[in-house]
Amino acid sequence: MTPTRRRTLQAVGTAAITTLAGCLTGFQSNSQQSTEKYQLTIDQIQSSPVEHALYEPDDSPLFGDPAETALENILPAGRHTTYGYEPLPNDAYVESEGSFYQIKYIVTGRQQLERQVVRVDTVPQEQVPDDSILVETLERPSARVIKILHSYTVSGGESGSAELLRDDGYVLRRPSEGESRLASGELDGQVVTMTDSGPWAYRVEVTTEQLTETAHTALTVEVANSQGEFREVVFGSRIDADLSPSELPTEPREILEQAIANRTYSEEAPISGAFDRLLDLLGLGTVDTAENGKLLWYDDEFYRYGLYIDTE
């Protein structure tokens with residue numbers, strides 16, 4: 001078996017400590033040692049793997065409506081093109097009339113389009129006018145855009161929402177965004193505040209620009225024509241660990257079942273051989289700091305699990 005990074009580091013660390021013990025005794029007495037804690041978390045998923053794998057649009061106009069429109073156009077064998085955004089998740093599984101499909105995207109070109117772009121400028125608290133608008137009073141399509149720009153501004157462009165922006169502006173692309181107060185121009189020049197009395201206030205600017213937008217075309221690939229066949233697809237593509245009690249060594253099985261019963265199990269480094277073996281079986285053997293959202297099928301039950309390594 002190829003040594004994992006965890007085993008290698010532990011082995012090297014143990015050897016180094018043994019070799020240098022005499023030299024470091026005086027130093028260690030004056031320094032504080034850190035401890036690594038390995039915490040395995042497991043939560044049961046109430047749906048079946050097949051149900052969990054199938055994509056269903058939500059009922060919101062912002063995301064659900066364009067997703068529903070796209071699905072109507074691509075199932076069972078059509079295409080749907082949008083510019084600058086993808087209304088459906090790539091690689092998601094969907095069902096139609098007893099058959100199962102996977103959504104795929106291809107780029108089918110580019111096009112010059114007129115788009116509205118929203119930007120914000122910070123307004124000092126002492127300059128916030130009495131008629132400023134609280135972001136929570138806006139409808140979702142407008143409020144979401146302002147919150148994304150706020151997150152981008154306060155993080156200095158390092159927030160996770162930065163990828164949603166073109167340079168420093170948010171492009172209105174989705175149908176409900178095009179019908180929002182931002183798109184109507186009603187909020188152009190207005191000051192929007194993030195809290196009733198907090199320090200975050202922004203003057204909104206909405207401009208109309210010619211942009212080159214990428215054409216994203218969605219289509220489907222049939223992967224199964226029965227639920228039984230689709231279950232095998234799901235287990236092959238989405239389940240990270242498929243384990244049974246009879247196949248597990250006794251001690252790793254006991255740790256896993258303890259983790260399931262308590263929803264968590266933890267050990268401090270150096271961890272036991274049984275825990276180390278279980279982490280390998282769960283595909284967590286090379287985790288350095290954290291891994292979550294993994295899926296487990298064990299003893300005919302379905303779980304979500306993860307590993308967190310904290311230094312204390």
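The model is a predicted one, in which local features need pLDDT of at least 70 and side-chain atom pairs count only at pLDDT 80 or more, whereas totals for chains, interfaces and linings use all residues. Residues are numbered from 1 along each chain as its sequence is written, and side-chain values use heavy atoms, with hydrogens and water left out.

The chain has 9 helices and 12 strands, assigned as DSSP runs (H or I, at least four residues, for helices; E, at least two, for strands) and numbered from the N terminus. Among contacts (heavy atoms within 4.5 Å) with a separation of 6 or more, 72% come from residues 24 or more positions apart.

In helix α3 (residues 64-74), the buried residues are Gly 64, Pro 66, Ala 67, Ala 70, Leu 71 and Ile 74. Seen down the axis of α3, these residues fall within an arc of 165 degrees, so they line one face of the helix, the arc being that of the directions from the helix axis to the C-beta atoms. Their cover includes β2 (80-83), β3 (93-96), β4 (99-122), α5 (175-178) and β8 (201-224).

Strand β8 also holds Val 206, which counts as buried at 14% relative accessibility. Leaving aside neighbours within four places in sequence, Val 206 is in contact with Gln 116, Val 117, Val 118, Leu 182 and Asp 188.

Key:
Buried means under 20% relative accessible area, exposed over 50%, partly exposed in between (1.4 Å probe, protein chains only).
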